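Please read the following points alongside the coordinates.

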Amino acid sequence: MSQLILYYTEQRSSKTRSSAHYPAGASRLEPLGVLSCAALMGFASFGVLKESIESLFEGIQGGNGAALMDENWSSFWSMASVVFVKLALYALCKKVAHIKGSDNKYHIDPTIEAVALDHWNDCLSNAVAAIALLFTLSNEMLWILDPIGAIIISLYIIFSW
């Protein structure tokens, strides 16, 4: 969703607009898209934070923790592959974000920088989930690592955006 918002605002801000219809300029849509993504990421992270705390509280109160529904390795390998793909996309976005302007100086494109941060957040969250799953598959008593990891990643995303 965040990448759709950034794509839309990037497309709208880059087109030439009539100054009669847009006296402040259409280029102000781009920072508005980044702010919208920050709000979206913050709200989503608060939702994950709430669910993680509830899961942690219910698991501790129940005494037995979260039961694994599927004990195969396909989930782990799927998350691990997403980590590598998102890491590559993050590196690509960081490389492309530096644009040479008309003054022959390099400037950072805020939209691509926001997409890079989104890829980085996806990379971190999938890495933490994969590690938590790996530990849980090795010992079911380590189920607690999943909600704790989700809380840490959610707090990181809230503060980084």
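1. In helix α3, the buried residues are Phe-76, Met-79, Ala-80, Val-83, Lys-86 and Cys-93, where buried means under 20% relative accessible area, exposed means over 50% and partly exposed lies in between, with a 1.4 Å probe and protein chains only. Helices are DSSP runs of H or I with at least four residues, numbered from the N terminus. An α-helix has 3.6 residues a turn, so residues three or four places apart point the same way.

2. On provenance, this is a predicted model, in which local features need pLDDT of at least 70 and side-chain atom pairs count only at pLDDT 80 or more, whereas totals for chains, interfaces and linings use all residues. Residues are numbered from 1 along each chain as its sequence is written, and side-chain values use heavy atoms, with hydrogens and water left out.

3. The length of α3 agrees with expectation: its 23 residues should span 33 Å at 1.5 Å a residue, and its end C-alpha atoms are 33 Å apart. The expected span of a helix is taken here as 1.5 Å times one less than its number of residues.

4. Three salt bridges are found when the whole structure is searched, a salt bridge being a side-chain nitrogen of Lys or Arg within 4 Å of a carboxyl oxygen of Asp or Glu. One of them joins Lys-86 to Asp-122, with the closest N and O atoms 3.0 Å apart. Because Asp-122 lies in helix α4 (residues 110-138) and Lys-86 in helix α3 (residues 74-96), this pair ties together parts that are 36 residues apart in sequence. Lys-86 is buried, at 17% relative accessible area, while Asp-122 is partly exposed at 22%.

5. A salt bridge also joins the side chains of Glu-113 and Lys-94, at 2.7 Å from N to O. Here too the pair links distant parts of the chain, with Glu-113 in helix α4 and Lys-94 in helix α3, 19 residues apart. Glu-113 counts as partly exposed at 26% relative accessibility, and Lys-94 is partly exposed with a relative accessible area of 30%.

6. The salt bridge between Lys-50 and Glu-54 has an N to O distance of 3.0 Å. Both residues belong to helix α2 (residues 29-62), and because they are four residues apart, about one helical turn separates them. Glu-54 is partly exposed, with 35% relative accessibility.

7. Three aromatic pairs are present in the structure; rings of Phe, Tyr and Trp (its six-membered ring) pair if their centres lie within 6.5 Å, and planes under 30 degrees apart count as stacked, over 60 as edge-to-face and the rest as tilted. Among them, Trp-73 and Phe-76 are edge-to-face, 5.8 Å centre to centre with 90° between the planes. Phe-76 also pairs edge-to-face with Trp-77, at 4.9 Å centre to centre and 70° between the planes. Trp-73, Phe-76 and Trp-77 form one aromatic cluster, within which Phe-76 is buried at 12% relative accessibility, Trp-73 is partly exposed at 42% and Trp-77 is exposed at 56%.

8. Which residues form a nonpolar patch on the surface? They are Val-85, Leu-89, Leu-92 and Val-96, which together have about 320 Å² of accessible area, computed by the Shrake-Rupley method with a 1.4 Å probe and, for residues, only the protein chains shown as cover. Patches are made of residues with over 30% relative accessible area and no salt bridge, like charges being joined within 9 Å and nonpolar side chains (Val, Leu, Ile, Met, Phe, Trp, Tyr) within 5 Å. Val-85 is in helix α3 and is partly exposed, at 48% relative accessibility.

Note on methods: Helix = DSSP H or I, 4+ residues; strand = E, 2+ residues; numbered from the N terminus.
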